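Trainee: I am new to this structure and would be grateful for a close look at a single part of it. Please describe that part together with its surroundings.

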Amino acid sequence: MLRTCGALCSQAGPPSGGWRPLRFDGGAFHLKGTGELTRALLVLRLCAWPPLVTHGLALQAWSQRLLGSRLSGALLRASVYGQFVAGETAEEVRGCVQQLQTVRLRPLLAVPTEEEPDSAVKTGEAWYEENLSAMLRCVDLSRSLLETAGPTGNILMQLKVTALTSTRLCKELTSCLRRPGASSELSPERLAEAMDSGRDLQVSCLSTEQNQHLQASLSRLQRVAQHARARDVRLLVDAEYSSLNPALSVLVAALALRWNGHRERGPWVWNTYQAYLQDTPERLRRDAEAADRAGLAFGVKLVRGAYLDKEREVAQLQGTTDPTQPDYEATNQSYRRCLELMLTHVSQHGPGCHLMVASHNEESVHQATRRMWELGIPLDGPVCFGQLLGMCDHVSLALGQAGYAVYKSIPYGSLEEVIPYLIRRAQENRSVLRGARREGELLRRELRRRLLGQGPGAPR
């Protein structure tokens, strides 16, 4: 039985008594079964152990040799896979989403397919075409989930551009964009025209083979966006390494020109901004103003960023300037600046501007909910919140019960596809895993309460 949201939050909207913060004290854990909480505690403690994260792929291979594929797979399904993954089949994903919807959370599906910046060059287009098919199926699955019982609202899914175009090409495009005169050859307008017409695009700084791959990549991006729009699914494009982001930004800008033109319907293509990069607040301001001048809807997923250690390592090896903020507090300040900018922009532009506050940081969530109250932004309007499936549930559940729109990023697929993806995400999100200590304490407290029979009965 659900408790009333009054036990967790302030009144919805600007009450006469003033704003009061949500309570992220684990009170909403009553919505979860004891088995779920126990698994969450064990898995989060495992993931906070550095050797497991660092050597995850090697340990997985070792366990398969020692235990066999079947037993090793069963252990993973009962632990890490079960905690962070919705399942392998459409029915398993639907079951996971229905569970989320009963506690007022929404799905943000993610296909665990990508190309790493230093991976071997893929031969031909077949790998990217397979990924295109997976993305189109993800659009259909995202749309079909709306038919299940639960909260309605925007249907969102994540899109990884480097699943549809090579990182080598993105690096080359980034180099091209930094050359004098490249602004006209690689303008969003020219790329959008090439997407629409399907005609060959020739960029002078690219080889014949690279131009062909660029054209094929534009076609794939256009097909995903076209299918998503037809199915009423909005695409949240993931940010990646800073060496790729200029290329990704111009590709997203081209998609936005084509699909974000009707401001009253809101943005269909969103970009992700990483607060841990020094140039993000200024770039976000410029992009918001440019969208406003062009009469385009503007969609933003705001994150702190996941590639800090790798970015610093690459900058040191190459002797280039470190693009990241100097420390965690500077990243926090950057996130606060970006959040304030976007919430003000949302309050001024209504349905033409949407924001996802993608953060596990309680202070950032408090800032967002407080400013939404002060600016009169409705709880279930153009601002939503996002966290990873299996993590930060004490925040997600409290937000959902209070009436905010909350999405959980949900990977799905087979063990072979998802476990390497999860290990890479864990390696990139070490700070998030370390920050899960508070969630672990809250989980321990709730489990202790249930074992001692204190308070109301808990669901099993």
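Mentor: The account below concerns strand β2 and the elements around it. The model is a predicted one. Its strands β1-β2-β3-β4-β5-β6-β7-β8 form a closed barrel of eight strands, with parallel pairing. On average, neighbouring strands of this sheet are turned by 30° against each other, direction ignored. Strands of a sheet pair through backbone hydrogen bonds, either parallel or antiparallel.

Strand β2 comprises residues 155-159. On one side, β2 runs parallel to β1, and two bridges join these strands. Within that pairing, Leu108 has Leu156 of β2 as its bridge partner.

Helix α7, residues 126-144, lies across β1, β2 and β3, and runs at about 160° to β2.

Finally, β1 links this region to the end of the strand order. Strand β1, residues 106-110, pairs in the parallel sense with β8, residues 406-411, over five bridges. In that pairing, Ala110 has Pro411 of β8 as its bridge partner.

Technical notes: Residues numbered from 1 in each chain as written. Predicted model: local features only at pLDDT ≥ 70, side-chain atom pairs only at ≥ 80, totals over all residues. Heavy atoms only, no water. Pairing = 2+ DSSP bridges. Helix = DSSP H or I, 4+ residues; strand = E, 2+ residues; numbered from the N terminus. Axes fitted to C-alpha atoms, helices over the stretch in contact; angles between N-to-C directions. Contact = heavy atoms within 4.5 Å.
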